[in-house]
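Let's take a walk through this one together. Have the sequence and the 3D view open, and we'll go piece by piece.

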Amino acid sequence: MWVIYKKEIRSFLSSLTAFIVMVVFLIITGLLMWVFGGNTVFDLGISSMVVMFNLAPYVFIFLVSAVTMRSFSEEKRLGTLETLSTRPISDLGVILGKYFANVTLVIFALLPTLIYYYSISELGDPTGNIDTGAMWGSYFGLILLGAAYTSIGMFASAITENQIVALILSMLICLVSYEVLGMVGEIKALEGIGKSIHWFGLDFHYYSLSRGVLDTRDLVYFISFSGLFIWITKLVYESRKW
Amino acid sequence: MSIEVTNLTKKYGDQVAVNHISFQAGKGEIVGFLGPNGAGKSTTMKILTCFIPPTEGTAKVCGFDIGEKSIEVRKHVGYLPEHNPLYLEMYVKEYLRFAAELGKTKNPAQRVKEVIALTRLESEQHKKIRQLSKGYRQRVGLAQAIIHDPEVLILDEPTSGLDPNQVIEIRDLIKNLGKEKTIMISTHIMQEVEAICDRVIIIDKGNIVADDTLENLRNSAAGKVIIRIQFAEKMDAEKIKSIPNCDKATETENNTWLLESADSAFRQQVSQFALKNNYEVLELVSEKNTLEEIFRKLTGNVGHL
């Protein structure tokens, strides 16, 4: 598993993927947090990173899908899946190696935003006045959310040779899991069970974590979510054996 | 036995790709796996390398069952798939290092050096795989197959698409490797089998039609003389048949005849026949019973050569 992990990380670095992902994420969140739109930190006048944490899930839908789309599609297209799966390594080992490499990239994309935390805490009145608990909770939630998106992206990549199809499919499933389930929950006709439907959405648990309370139920939810998609990915990966 | 295949069958839907085949390969043997395109060569190889499971039957590699001890099998097998898939963006050394670590090699750096020397990739080792010519890519493919020092090598058409010089180089490389390893190599080129293999398995439409040493195969077809003769004028079939000991005579082209006989002195008789009757002979060739012909006869497939 770690051999695969190492190889994936190397390929992120040598293909500049890692660099581009970090820069794009930083630019988009940076611009919307400090410069554009009516919701910048200065407009709101609150020393909080809530702008970034509301925005990041949507940026991630695109970025994570773009990063994960090549995981298996490319191997299928090149045919390297055949050499890879005839080596003494289990299928799950291959999948987990790639999964953790992608999650690592997500974490590294978040690291530079710690500068924002520093800036805002300096801008606070008095200096250092920021809800640190909520911030760490949100970071933690964002990493778990990125990991969940990664598992979706890997699944999408496993079912097709075409990277564009993988990208679009992944974005679609991410959007449904993050946004649409909550919208469905608000339909009037579903009043009785609306809340339960929303509970299955990623956003429900993400916002729960962003309040700064580490609830084990949310943790279990995120881990199960990733686990489910990794399991489906494994099924798809092994479908050549059917 | 390094490879033991028993009653192996693979079906894709209704299509039978491999039909109850059984064969064995002993240690240190180089086995040529011969057959027209679509005969089931690649499918058999994919099953032996644990890429796809068989529909029926079993196979053992180095004593390990491909279904139950898949990881063990993969440790003992080196595989070069048909189109030699490689990560084009990786450097040669980087890729071999990756393959060595995946193969659980003890001292990867050392082993990569050895394999690069063995496949004579020294001059290209610092390049990206994308930059290599087809011949060198094929060497990288071979290098990754042997990197974990497997006992069995399975090579699917290792020389296809190479130029004649590269073909000879790759063949020499395989021959050298065959001194210590069991090699199974698939091809549809006769000369390749004649050049490197000890044994031939001919497969056609999923069935094994021959499994023997090269020598035995040649001998079984021997004892027959085939002569191609071209006359300057039109000949009568009756007249040709009157040649002593002529078993079969067929006109292939204008005035060209294929004559078959069991008599080893048939050539002299043909030339005497021409002299006696004062026929002008433009060409007289004795056709050797080559492997190619055996193959054609067994697979009944001229077009696929």
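What share of the contacts in chain B with a separation of 6 or more comes from residues 24 or more positions apart? It's 67%, where a contact means two residues whose C-beta atoms, placed from the backbone, lie within 7 Å. Before going further, keep in mind that this is a predicted model: local features need pLDDT of at least 70, side-chain atom pairs count only at pLDDT 80 or more, and totals for chains, interfaces and linings use all residues. Residues are numbered from 1 along each chain as its sequence is written, while chains are lettered from A and ligands numbered from 1 in the order in which they are written.

Let's stay with chain B. Its C-alpha atoms fill a box of roughly 75 × 45 × 35 Å along the principal axes. You'll find 11 helices and 14 strands in chain B; these are DSSP runs, helices being H or I of at least four residues and strands being E of at least two, numbered from the N terminus. Of its 305 residues, 39% count as buried. Buried here means 20 or more other C-beta atoms within 10 Å of the residue's own, exposed means 12 or fewer, and partly exposed is in between, with C-beta atoms placed from the backbone.

Now look at strand 7 (residues 152-156) of chain B. Is it covered or open? Strand 7 of chain B is mostly covered, with 5 of its 5 residues buried. Val152(B), Ile154(B) and Asp156(B) point one way, while Leu153(B) and Leu155(B) point the other. Strand 7 of chain B pairs in the parallel sense with strand 6 (residues 77-80) of chain B over 4 bridges; pairing takes at least two DSSP bridges between the strands. Strand 7 of chain B also pairs with strand 8 (residues 182-187) of chain B, again in the parallel sense, over 5 bridges. To find your place, Tyr79(B) has Ile154(B) as its bridge partner, and Leu153(B) stands opposite Ile183(B) in strand 8 of chain B.Next come the nonpolar cores, which are sets of buried Ala, Val, Leu, Ile, Met, Phe, Trp, Tyr and Cys residues joined through C-beta atoms within 7 Å. In soluble globular proteins, nonpolar side chains tend to be buried together. The largest core here has 121 residues, and the ones touching the most other members are Ala148(A), Tyr95(B), Leu96(B), Ala143(B) and Ile154(B). Helix 9 (residues 132-158) of chain A gives this core its largest share, 13 residues. Leaving out residues up to four places away in sequence, Ala143(B) touches Leu96(B), Val115(B), Ile116(B), Thr119(B) and Leu121(B). There's also a second, separate core of 8 residues, including Val225(B), Ile229(B), Trp257(B) and Val270(B).

Further along chain B, 4 strands form an open antiparallel sheet in the order 12-13-11-14. Strand 12 (248-253) and strand 14 (281-287) of chain B sit at the edges with a single partner strand each, so one side of each has no neighbour in the sheet. On average, neighbouring strands of this sheet are turned by 20° against each other, direction ignored. Strand 11 (residues 225-231) and strand 13 (residues 256-261) of chain B run antiparallel and are joined by 6 bridges, and Gln230(B) has Thr256(B) as its bridge partner. Helix 10 (residues 266-277) of chain B lies across strand 11, strand 13 and strand 14 of chain B, at about 20° to strand 11 of chain B. For such angles, axes are lines fitted to C-alpha atoms (for helices over the stretch in contact), and values run from 0 to 180 degrees between N-to-C directions.

How do the two chains meet? The contact takes 16 residues from chain A and 21 residues from chain B. Helix 1 (2-14) and helix 6 (80-84) of chain A each supply at least two residues of the chain A side. By class, that side has 4 nonpolar, 7 polar and 5 charged residues, counting Ala, Val, Leu, Ile, Met, Phe, Trp, Tyr, Cys and Pro as nonpolar, Asp, Glu, Lys and Arg as charged, and the others, Gly among them, as polar.

Leu16(A) has a positive phi of about 70° although it is not a glycine, and it lies in the loop between helix 1 and helix 2 (17-34) of chain A. Leu16(A) counts as exposed because it has 10 C-beta neighbours inside 10 Å. Cys62(B), also not a glycine, has a positive phi of about 55° and lies in the loop between strand 4 (56-61) and strand 5 (64-65) of chain B. With 19 C-beta neighbours inside 10 Å, Cys62(B) counts as partly exposed.
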